[in-house]
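Hi,

Here is the structure I promised to pass on.

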Amino acid sequence: MRYFLTEEQQMIVDICRQVVDEKIIPVRAELDEKEIFPRDIIKEIGGSDLFRLFVPEKYEGMGSGIFEVCLATEELSRGDLGIATTFAASGLGIIPIVIAGNETQKKKFLPPAAGGNKLAAFGLTEAEAGSDIGNIKTTAERNGDHYILNGTKQWISNGGEADIYTIFAMTDPAKGVRGMSAIIVEKGTPGFEFGKKENKLGMRSSATRELIFNNCRVPVENLLGKEGMGFIIAMRTFDQSRPPVGAQAVGIAMGALEEALNFSRVRKQFGTAISSFQSIQHMLADMATGVEAARALVHYAAKVIDSGEKNITRLSSMAKLFATDMAMKVTVDAVQILGGYGYMKEYPAEKMMRDAKVTQIFEGTNQIMRNIIALDMIKRGVV
Ligand SMILES: Cc1cc2nc3c(=O)[nH]c(=O)nc-3n(C[C@H](O)[C@H](O)[C@H](O)COP(=O)(O)OP(=O)(O)OC[C@H]3O[C@@H](n4cnc5c(N)ncnc54)[C@H](O)[C@@H]3O)c2cc1C
């Protein structure tokens, strides 16, 4: 397929493909098995300037759009979702600073994130607040020229590995979501510690960890925007980050389809390659069609966002929903095409199936995506 990429966009794809083929694919099974966070590969990605995709040119970024972020994320996910998530979660931590940061904050935090010297993370979820993010209990109480943070975040990607954390906390709990604020907290701030590292079903090369705030004093100049803007900042961030989750799903599905196709051409049963059976051919055809349809929707959503269009929530949610449901189906089908071999860890299909599941859950579950799409349609009265 041709995607009519510019020379620069094709270069982003080629750089990622090289990192994936040379550095990631040879070690991904071991990273998964031993749950290793691959610092050296993340450094390599930083050295290839890929973190600059999230940052405007003025702050040492490439000034690219969400489309370029999607191209990179898809390629990295074809190799390993955990590594692609470390990349994407750093972007998720950076986007709120790009959206709502003031000049001083941007000058301080964006250049090191662009160079990949410092990873970022996005801390919203808590034990009692998953889909219902208005229910967060972490507080940030103003005390002179500091906020005092107390509370625990859970399942934070890049937890412990990142240096810059965008944390959502209640500055005025009585106001509900209107009392939520976004505050940058740096690793090493007294009172900020890391809790347990999760043992996950998939995406095991990414670090997922608790963040614990115990009377953590953060200077007021780390507040993003104004007090009470946290919910809006989180929602605007998700608008931009959900197509890249769709791109993650397209990348995993692409990897699974490649495995299934290659296997079907060499595996012989009843004296012939299994690719000669029509049932296998139809599965491959459906998988390939799903990948292309999802990629088209992800690319379209990214381009609409990059055009500066304001009403992007529905389209962004559709891209995440469609692509991640597709990836779950395609990876299950890949395991089926590999038969018993698909169930064995010597082959990557079962890992891809385990990895794909989380894309239907994080950054808003697919039930929440359906709620958003339906409510937006009903509110506007237009399809
Ligand atoms: C590996 C991993 C990494 C993550 N990384 C991060 C991170 O970096 N930062 C961060 O802040 N969070 C992170 N999360 C959290 C993630 O965003 C949440 O898991 C997700 O938003 C869902 O919340 P929950 O798991 O508490 O599910 P719940 O909200 O408890 O939902 C449970 C079930 O109920 C359904 N449900 C809930 N409400 C509704 C409703 N109104 N209508 C219909 N169905 C509903 C859900 O769809 C789901 O099926 C991560 C999660 C995982 C698993």
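Below is what turned up, starting with the ligand.

A word on the ground rules: this is a predicted model, with local features needing pLDDT of at least 70, side-chain atom pairs counting only at pLDDT 80 or more, and totals for chains, interfaces and linings using all residues. Residues are numbered from 1 along each chain as its sequence is written, and side-chain values use heavy atoms, with hydrogens and water left out.

The ligand has 18 residues around it, and the closest include Phe 122, Thr 125 and Ser 131; a residue makes the list if one of its heavy atoms lies within 4 Å. On its own the ligand has 980 Å² of accessible area, and the protein covers 65% of that (Shrake-Rupley method, 1.4 Å probe).

By class, the shell holds 9 nonpolar, 7 polar and 2 charged residues. β3 (146–157) and α11 (366–380) each give at least two residues to this shell; helices here are DSSP runs of H or I with at least four residues, strands runs of E with at least two.

Now the packing. The largest nonpolar core has 68 residues, with Ile 45, Phe 87, Leu 149, Phe 168 and Val 185 touching the most other members. Helix α5 (residues 81–100) supplies its largest share, 9 residues. A core here is a set of buried Ala, Val, Leu, Ile, Met, Phe, Trp, Tyr and Cys residues joined through side-chain atoms within 4.5 Å, where buried means under 20% relative accessible area (1.4 Å probe, protein chains only). Another core lies apart from it, with 44 residues, including Val 245 and Met 352.

- Leu 124 is in the loop between β1 (120–123) and β2 (139–143). It counts as buried because its relative accessibility is 3%. Leaving out residues up to four places away in sequence, Leu 124 touches Ile 133, Lys 153 and Phe 168, among others (contact: heavy atoms within 4.5 Å).
- His 146 belongs to strand β3. At 19% relative accessibility, His 146 also counts as buried. Beyond its neighbours within four places in sequence, the contacts of His 146 include Glu 141 and Arg 217.

Cheers

Note on methods: Nonpolar A, V, L, I, M, F, W, Y, C, P; charged D, E, K, R; others polar. Buried < 20%, exposed > 50% of the residue type's maximum accessible area, 1.4 Å probe, protein only.
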